[in-house]
Amino acid sequence: MKLSELGKLHPREVRELIRKGEVDLPTSGMSEGYLQANLAILPKKYAYDFLLFAQRNPKPCPILEVLDEGSPLTKIMADGADIRTDVPRYRIYKNGEFVEEVKDLKDVWQDDFVTFVIGCSFSFEKAMLEADVPVRHIEDEHNVPMYITNLATEPAGIFHGNTVVSMRPVPYKDVVKATTVTARFPATHGAPVHIGDPSVIEIKEGEVPVFWACGVTPQAVAMASKPEIMITHAPGYMLILDKKDAYVSVF
């Protein structure tokens, strides 16, 4: 199924296709107008430290929902979305090492897992498009570029590491508009954290690289902090929620 077709489907329909293994693509542009989310899944013994870490670092880790210990089902942000099956790809980290990318978590799920559902910048892309700000990776149908930065997060408990950012090249004339539009969505990373020099990376003429805090940050944190096990979504392969983008817009 083409991305343009997936963009018109309700999140429940897309999640069902993902669960059946019929969709294995980066989810940007799917179920247009609905929130998407990053995941961080940890044993309960790390949950408080991570919750505190997220509270101290709301830009890269804006929490939308925390699931009960052992529960794989969302209650608030989606109608019973199954964390074990409803994301196209997952990554498993053990003691700071990336060990495996899998299509579901049925074989690795633990009764002490606590899941953090974290806001994703894919959620403000429809607002950018409605404001006539182009989103290149949707146009070109590839994953959004992501980079580990030298911006240190505020540590909490065992968790520490540097911030990851996503980059969208924005026409120079639209940079202020892109900043204003995305600032309406602090629960999905909000306004950019850096606007860069276009000579730094190869982009189209007349465009400026604009960087937003990214929910892949917990993956960098997992490698730096080395918890016994931590599971995340694969970068760009998100959980699509039932709440619309306007649910978290502040104005």
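Modeller: Let's start with Arg168, which lies over the face of Trp212, at 5.2 Å from the ring centre. Keep in mind that this is a predicted model.

Colleague: OK! And what sits over the ring of Phe98?

Modeller: That is the charged end of Arg91, 5.0 Å from the centre of the Phe98 ring.

Colleague: Nice. While we're on rings, how many aromatic pairs are there?

Modeller: The count comes to eight aromatic pairs. Take Phe50 and Phe53: their ring centres are 6.0 Å apart and the planes are at 35°, so this pair is tilted.

Colleague: Where do Phe50 and Phe53 lie?

Modeller: Both lie in helix 3, residues 44-56. They are three residues apart, about one turn of the helix. An α-helix has 3.6 residues a turn, so residues three or four places apart point the same way.

Colleague: Are Phe50 and Phe53 buried or exposed?

Modeller: Both of them are buried. Ring pairs also link Phe50 and Phe53 with Phe116 and Phe159 into a cluster.

Colleague: What about Trp109 and Phe113, what kind of pair do they form?

Modeller: An edge-to-face one, with 5.3 Å centre to centre and 80° between the planes. Trp109 is buried at a relative accessible area of 16%, and Phe113 is buried too, at 0%.

Colleague: Switching topic: which residues of helix 2 are buried?

Modeller: Helix 2 covers residues 11-19, and its buried residues are Pro11, Val14, Arg15, Leu17 and Ile18. Looking down the axis of helix 2, they fall within an arc of 160°, so they line one face of the helix.

Colleague: And what covers the buried residues of helix 2?

Modeller: The cover includes helix 1 (3-6), strand 1 (34-43) and strand 11 (239-244).

Colleague: Which residues are buried in helix 6?

Modeller: In helix 6, residues 175-182, the buried ones are Val175, Ala178, Val181 and Thr182. Down the axis of helix 6 they fall within an arc of 130°, so they too line one face of their helix. They pack against helix 4 (125-130), strand 7 (162-171), strand 8 (194-195) and strand 9 (207-213).

Colleague: Is Asp132 buried or exposed?

Modeller: Exposed, with a relative accessible area of 61%.

Colleague: Now the inside. Which residues touch the most other members of the largest nonpolar core?

Modeller: That core has 39 residues, and the ones touching the most other members are Leu64, Met128, Ile231, Leu239 and Leu241. Several elements each supply at least two residues of this core, among them strand 3 (90-94), strand 5 (113-119), helix 4 and helix 6. Strand 1 gives the most, with four residues.

Colleague: What is Ile231 in contact with, leaving aside its neighbours within four places in sequence?

Modeller: Its contacts include Leu39, Ala40, Ile41, Tyr90, Arg91, Ile92 and Phe113. There is also a second, separate core of 17 residues, which includes Leu42, Phe53, Phe159 and Met230.

Colleague: Last topic, strand 7. How many of its ten residues are buried?

Modeller: Nine of the ten, so strand 7 is largely enclosed by the rest of the structure.

Colleague: And how does strand 7 pair with strand 6 and strand 9?

Modeller: With strand 6, residues 146-152, strand 7 pairs in the antiparallel sense over four bridges. There, Ala152 stands opposite Asn162 in strand 7. Strand 7 and strand 9 are antiparallel as well, over seven bridges.

Colleague: Which residue in strand 9 is the bridge partner of Val165?

Modeller: Ala213 is the bridge partner of Val165.

Key: Residues are numbered from 1 along each chain as its sequence is written. This is a predicted model: local features need pLDDT of at least 70, side-chain atom pairs count only at pLDDT 80 or more; totals for chains, interfaces and linings use all residues. Side-chain values use heavy atoms; hydrogens and water are left out. Buried means under 20% relative accessible area, exposed over 50%, partly exposed in between (1.4 Å probe, protein chains only). The arc is that of the directions from the helix axis to the C-beta atoms. Contact means heavy atoms within 4.5 Å. Rings of Phe, Tyr and Trp (its six-membered ring) pair if their centres lie within 6.5 Å; planes under 30 degrees apart count as stacked, over 60 as edge-to-face and the rest as tilted. A charge sits over a ring if NZ of Lys or CZ of Arg is within 6 Å of the ring centre and within 35 degrees of the ring normal. A nonpolar core is a set of buried Ala, Val, Leu, Ile, Met, Phe, Trp, Tyr and Cys residues joined through side-chain atoms within 4.5 Å. Two strands pair if DSSP finds at least two bridges between them.
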